[in-house]
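Here's a quick briefing to read alongside the model. Have a look at the ligand's surroundings before moving on to the packing.

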Amino acid sequence: MDFTGKVALITGGGGDIGRAAAINFASKGAKVIVVDIDDENGQGSADLVRANGGTALFVRADVSRSEDVRRYVQATLDAYGTIDCFFNNAGIEGEIAPTQDYDEAMFDHVIGVNLKGVFLGLRHVLPVMLRQEAGTIVNSASITSIFGGSGMPAYVASKHGVLGLTKAAAADVARLGIRINAVCPGPVETRMMRSLEAQRNPTDPQAMGAAIRAGIPTGAYSTPEEVANAVLYLCSTLSGNITGTHLMLDGGRSATGGAPSPNRR
Ligand SMILES: NC(=O)c1ccc[n+]([C@@H]2O[C@H](COP(=O)([O-])OP(=O)(O)OC[C@H]3O[C@@H](n4cnc5c(N)ncnc54)[C@H](O)[C@@H]3O)[C@@H](O)[C@H]2O)c1
């Protein structure tokens with residue numbers, strides 16, 4: 001797990017998982033580019049990396065706009081010259097509503113960030129890695145890339161799509177020195193889960209969290225750091241011949257076929 005001299009580009013780097021990845025990559029010697037639409041949190045992650053002795057830059061960009069994606073790729077090359085690792089991670093949860101009521105504009109927004117944003121990242125980073133004849137990419141997928149769930153049609157569809165893109169793109173570049181995989185977390189201790197808990201039970205989000213945990217065999221959400229560890233593994237030489245696949249981080253939930261599993265602890 002030595003990334004000395006490597007460059008790690010992280011979208012959604014101002015968020016909880018992206019920030020943990022930025023800190024982790026930097027602690028292993030990588031120069032980090034934090035991309036986010038949120039100035040304060042994006043700059044905050046870069047500042048945190050620097051405060052810990054690392055090297056980081058923040059670039060404000062909307063991953064769903066190709067002009068912005070071109071700009072963050074160019075900014076990375078201007079600053080550091082290469083892109084060795086790309087964590088294609090920015091995503092939004094959207095609103096909780098059943099498919100029959102789901103707002104069309106919200107559907108477009110969630111697909112635009114979560115799916116088109118991941119495509120645009122691949123579309124503009126891959127040519128750089130192809131020139132280098134090297135590079136590793138990890139896309140942020142989800143347990144909802146495999147299983148459905150009520151009230152999240154756009155999110156579930158977008159994350160199924162992210163896994164499809166991972167497989168398709170990995171096949172396109174497998175002989176060209178580039179590996180592309182996905183992480184599929186179940187619930188993670190992040191702002192996004194707090195938002196989903198509050199949307200599902202506005203009067204008692206903590207009870208919602210407890211109910212979700214009760215359905216996870218280990219009884220626990222993952223931590224952002226655990227997801228970041230998996231991302232670093234998939235970007236490292238330790239994962240050598242692994243490409244076009246995904247790593248579940250879900251406390252065993254998928255082992256139960258996605259069905260809730262009463263926590264007996
Ligand atoms: N938290 C979970 O339980 C969980 C589970 C499975 C998958 N994921 C996925 O992990 C990724 C990171 O999520 P997180 O939990 O850290 O959430 P988060 O909300 O803390 O972080 C997401 C970040 O993406 C940024 N972002 C949103 N829209 C953007 C845009 N258009 N352009 C650029 N940046 C944008 C946000 O500003 C935020 O900083 C997401 O793709 C999410 O779907 C999260």
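The ligand has 29 residues around it, and the closest are Gly12, Gly15, Ile17, Gly91 and Thr190. Keep in mind that this is a predicted model.

**Around the ligand**
- By type, the shell splits into 12 nonpolar, 12 polar and 5 charged residues.
- Two helices, helix 1 (16-27) and helix 6 (191-200), each put at least two residues into that shell.

**The largest nonpolar core**
- This core counts 76 residues, and the ones with the most contacts inside it are Ala8, Ile10, Ala22, Phe25, Val32 and Val231.
- Helix 4 (residues 104-132) provides the largest share of the core, 10 residues.
- The core also lies between domain 1 (7-186 + 223-248) and domain 2 (189-221), because both give residues to it.
- Setting aside neighbours within four places in sequence, Val231 is in contact with Ala21, Phe87, Val138 and Val183.

**Helix 8**
- Helix 8 (residues 224-235) has 12 residues, which at 1.5 Å a residue should span 16 Å; its end C-alpha atoms are 16 Å apart, so the two agree.
- Val231 is one of the buried residues of helix 8, along with Pro224, Val227, Ala228, Ala230, Leu232, Leu234 and Cys235.
- What do those buried residues pack against? Their partners are helix 1, strand 4 (85-88), strand 5 (135-140), strand 6 (178-185) and strand 7 (246-249).

Terms used. Residues are numbered from 1 along each chain as its sequence is written. This is a predicted model: local features need pLDDT of at least 70, side-chain atom pairs count only at pLDDT 80 or more; totals for chains, interfaces and linings use all residues. A residue is near a molecule or strand if its C-beta atom, placed from the backbone, lies within 6 Å of it. Helices (H or I, at least four residues) and strands (E, at least two) are DSSP runs, numbered from the N terminus. Ala, Val, Leu, Ile, Met, Phe, Trp, Tyr, Cys and Pro count as nonpolar, Asp, Glu, Lys and Arg as charged, and the others, Gly among them, as polar. A nonpolar core is a set of buried Ala, Val, Leu, Ile, Met, Phe, Trp, Tyr and Cys residues joined through C-beta atoms within 7 Å. A residue is buried if 20 or more other C-beta atoms lie within 10 Å of its own, exposed if 12 or fewer, and partly exposed in between; C-beta atoms are placed from the backbone. Domain bounds come from an automatic or database domain assignment. Two residues are in contact if their C-beta atoms, placed from the backbone, lie within 7 Å. The expected span of a helix is 1.5 Å times one less than its number of residues.
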